[in-house]
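My notes follow the order of looking.

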Amino acid sequence: MSAQRLASVTKNGVGAYVLQCRKMVFNYCENWGSNKGMINYLKKDIVEFAKANPQIEVVVEQRPAHHPVIRGEYLNGREKVICVRNMAPFEIKQKVQLLKESSGAKLKNLTKRPVLSTTESVRGIWSPFHTNPHKI
C-alpha cells in the first residue's frame, strides 16, 4: 500500500493574506508647481503610511523637471504608475490606497464578450422576406 500525500492548494486570503504590493516609489520635483500636493503629502503623511504598512518598501526620489508620480511594484513583477500632478494631499492619499490594495494584474475588458443565449427569441430571427411584399 503506497502512502498518498494530500496537499491543499494555497490561496491568498485563506488562512493568511499576503499583500500584493511590495514597493512604492514616490517621485517628485522641488521646483515645479504641480508638485506642491506631493511635497505636502511627503512632509505630513508618508511616515504614517510607512509605519502602518511595514510590508511595503517605501522609496522617495527626486525627479527634476517632471510631474510627480507614484509607482507601485507588485509580487507578480508588474508595476502601475499614477501621475498625481496638481492633486491635493488627500487625493494623493486615495491614490496610494488604490495602489496598495491593487493586485498588479492587467485590467480585463469585460465589455466585449458576445451575448450568448440558450433560448430563442420570442419574435424569431428577422428576415427581409417577413415584411409586406413589395410592388415594383
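The entries below cover the serine, then the salt bridges.

**Entry 1: model.** I am working from a predicted model.

**Entry 2: Ser-34, position.** I looked up where Ser-34 sits in the chain, and found it in the loop that runs between strand S1 (21-28) and helix H1 (36-44). Is Ser-34 buried or exposed? I read a relative accessibility of 8% for Ser-34. The cut-off for buried is under 20%, so Ser-34 counts as buried.

**Entry 3: Ser-34, surroundings.** I asked which residues touch Ser-34 once neighbours within four places in sequence are set aside. I noted His-67, Pro-68, Val-84, Arg-85 and Asn-86 as its contacts. I also noted a polar contact of 3.5 Å between the side chains of Ser-34 and Asn-35.

**Entry 4: salt bridges, count.** How many salt bridges are there? I count four by the rule in use, with a cut-off of 4 Å from nitrogen to carboxyl oxygen.

**Entry 5: Arg-22 and Glu-73.** I found a salt bridge between these two side chains, at 3.2 Å from N to O. Arg-22 belongs to strand S1 and Glu-73 to strand S3 (residues 69-74), so this pair ties together parts 51 residues apart in sequence. I then checked accessibility for both partners. Arg-22 has a relative accessible area of 38% and is partly exposed, whereas Glu-73, at 13%, counts as buried.

**Entry 6: Glu-48 and Lys-93.** I found a salt bridge here too, with the closest N and O atoms 3.9 Å apart. Glu-48 is in helix H2 (residues 46-52) and Lys-93 is in helix H3 (residues 89-101), so I logged the pair as a link between distant parts of the chain, 45 residues apart. Glu-48 is partly exposed, its relative accessible area being 49%. Lys-93 also counts as partly exposed, with a relative accessibility of 39%.

**Entry 7: Arg-71 and Glu-79.** I read 3.6 Å, N to O, for the salt bridge between the side chains of Arg-71 and Glu-79. Glu-79 has a relative accessibility of 42% and counts as partly exposed.

**Entry 8: network.** Which residues are linked in a network of salt bridges? I listed Arg-22, Arg-71, Glu-73 and Glu-79 as its members. The pairs Arg-22 with Glu-73 and Arg-71 with Glu-79 were logged above.

Methods. Residues numbered from 1 in each chain as written. Predicted model: local features only at pLDDT ≥ 70, side-chain atom pairs only at ≥ 80, totals over all residues. Heavy atoms only, no water. Helix = DSSP H or I, 4+ residues; strand = E, 2+ residues; numbered from the N terminus. Buried < 20%, exposed > 50% of the residue type's maximum accessible area, 1.4 Å probe, protein only. Polar contact = N/O pair within 3.5 Å; in protein donor to acceptor, adjacent residues only side chain to side chain. Contact = heavy atoms within 4.5 Å.
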